[in-house]
Amino acid sequence: MTQEEEKEEHLPSPSTTTAKIPKKLTLVPLIFLIYFEVAGGPYGEEPAVQAAGPLIALLGYLIFPFIWSVPEALITAELSTAYPGNGGFVLWAERAFGPFMGSMMGTWKFLSGVINIASFPALCVDYIQKLFPVLSSGWPRHVAVVGSTLVLSFLNYTGITIVGYAAVLLGLVSLFPFVLLSLIAIPKIQPHRWLSLGQKGVSRDWNLYFNTLFWNLNFWDSVSTLAGEVDKPHKTFPLALLVSVIFTCVAYIIPLFAVIGAVSVDQSQWETGFHAQAAEMIAGKWLKIWIEVGAVLSTIGLFEAQLSSSAFQVLGMAEIGIIPRFFGVRSKWFNTPWLGILISMVIALAVSSMAFTDIINSANLLYSLGMLLEFASFLWLRWKSPNLKRPYKIPMKFPLLVLMCLVPSGFLVLIMVIATKTVYLVSGVMTVAGIGFFFFIKLCKTKKWVEFSHGPAEEEDLPR
């Protein structure tokens, strides 16, 4: 045995870790983690009505899941069960097109995810400041944002199982007021309001409309970075994704139908947070307060789920040798990727102090680039490795799979085309930085400055 092999034997690997510590992320917590990766409740769906009117907003939430959410969820189910390791989409791109594209996928998805995470503590403080106005500005607000980020990051550090069950509790409590809102609204609903194309003289804002749908029905693949932590992933992942797609879409559609049918207001009032105002009109101030409290709980769930995905993405990238091995270190107490959590938290804190509307839009563009690469990776792996063992396989022939990917890809191209020059600039800088990072890592490997994992051995195609 060589010195290097001896060293490998004594260092923890994904397989030895799995053998010693049982995977405990089961079906129900996984469903709610996916729910918070994507939605977290009907909070934020309202601008679609402001942008295009009631009928087109309702049609968007009825149709868009079939052309975007379902394909993304199906691909996630197939590839997460074929390659059930941490890192998810990074692993898929690396297997399909090699280390460079794997690294670029990691750059695009990690940056978009962490910038997305940064918005949640600030949003949480925005809701709390309605009860405590002192948090509206200045150092009290900064302390509240930093403090909430640190506390929520520590909860993430205590383990993916705890985060999973916390997501169940947060999901049920934050969604229940919308169940009440929908039931109380029934006697006040006037169905003709559902057919309104919007107020006369109000032009449609297609940019806002499509970005609202994209934002609220996105990130189905984020949970793939946790595949290595899931109990029986070949069975759990497909079922969890199926249930979460139905659950998420119903959670959006029913309150939207109820509120549109029950209240008649100026279209401009349909801003983010309007559901709380509508709750007061329909049921009283008590329900408005409950929905605002639910919004805080929802942002906590969103933060926890997406921080977990970002942290385990770092771990997965270390396990396949895209970044140095030490990035994959786990906590001795909780088995969580503490360095991945720390890196994600620090970047989120840095971004949270900025006015980052353009940066958020840039994150969307980066995510779109990553999704185009993900669709390409899926199709290439189907073509290149048709006999690879796939515990769950989308029951379609290759031409239909191409069509399934082309429709959402067209939407991604649309999102990128309507971006601003600032967004192109910021996204371009981040992409160039990602390319530079890949070659720096390659130099580190050549010079042997730091230790890298060799990555998972390339599996031979296995019979189905």
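Is Ser 331 buried or exposed, and what is its relative accessible area? Ser 331 is buried, with a relative accessible area of 6%; buried means under 20%, exposed over 50% and partly exposed in between, using a 1.4 Å probe and protein chains only. The model is predicted, so local features need pLDDT of at least 70 and side-chain atom pairs count only at pLDDT 80 or more, whereas totals for chains, interfaces and linings use all residues. Residues are numbered from 1 along each chain as its sequence is written, and side-chain values use heavy atoms, without hydrogens and water.

Ser 331 is placed in the loop between α13 (285-319) and α14 (338-352). Helices are DSSP runs (H or I, at least four residues), numbered from the N terminus. Leaving aside neighbours within four places in sequence, Ser 331 is in contact with Tyr 157, Thr 336 and Trp 338; contact means heavy atoms within 4.5 Å. The C-alpha atoms of Ser 331 and Thr 158 are separated by 9.1 Å, and the two residues are 173 residues apart along the chain.

Aromatic pairs were counted next. Rings of Phe, Tyr and Trp (its six-membered ring) pair if their centres lie within 6.5 Å; planes under 30 degrees apart count as stacked, over 60 as edge-to-face and the rest as tilted. The count comes to 29 aromatic pairs. Phe 64 and Phe 411 are edge-to-face, because their ring centres are 4.9 Å apart and their planes lie at 65 degrees. This pair links helix α5 (residues 54-82), which holds Phe 64, to helix α16 (residues 398-417), which holds Phe 411, across 347 residues. Both Phe 64 and Phe 411 are buried. Trp 194 is partly exposed at 24% relative accessible area, and Phe 257 is partly exposed at 23%. Ring pairs also link Phe 64, Trp 68, Trp 206, Tyr 209, Phe 210, Phe 214, Phe 375 and Phe 411 into a cluster.

Helix packing was then examined. The axes of α7 (residues 99-128) and α17 (residues 421-447) come within 9 Å and cross at roughly 135 degrees. Axes are lines fitted to C-alpha atoms over the stretch in contact, with angles from 0 to 180 degrees between N-to-C directions. The two helices are therefore oblique to each other; angles under 35 degrees count as roughly parallel, over 145 as roughly antiparallel, 65 to 115 as roughly perpendicular and the rest as oblique. Residues making the contact include Trp 108 of α7 and Phe 437 of α17.
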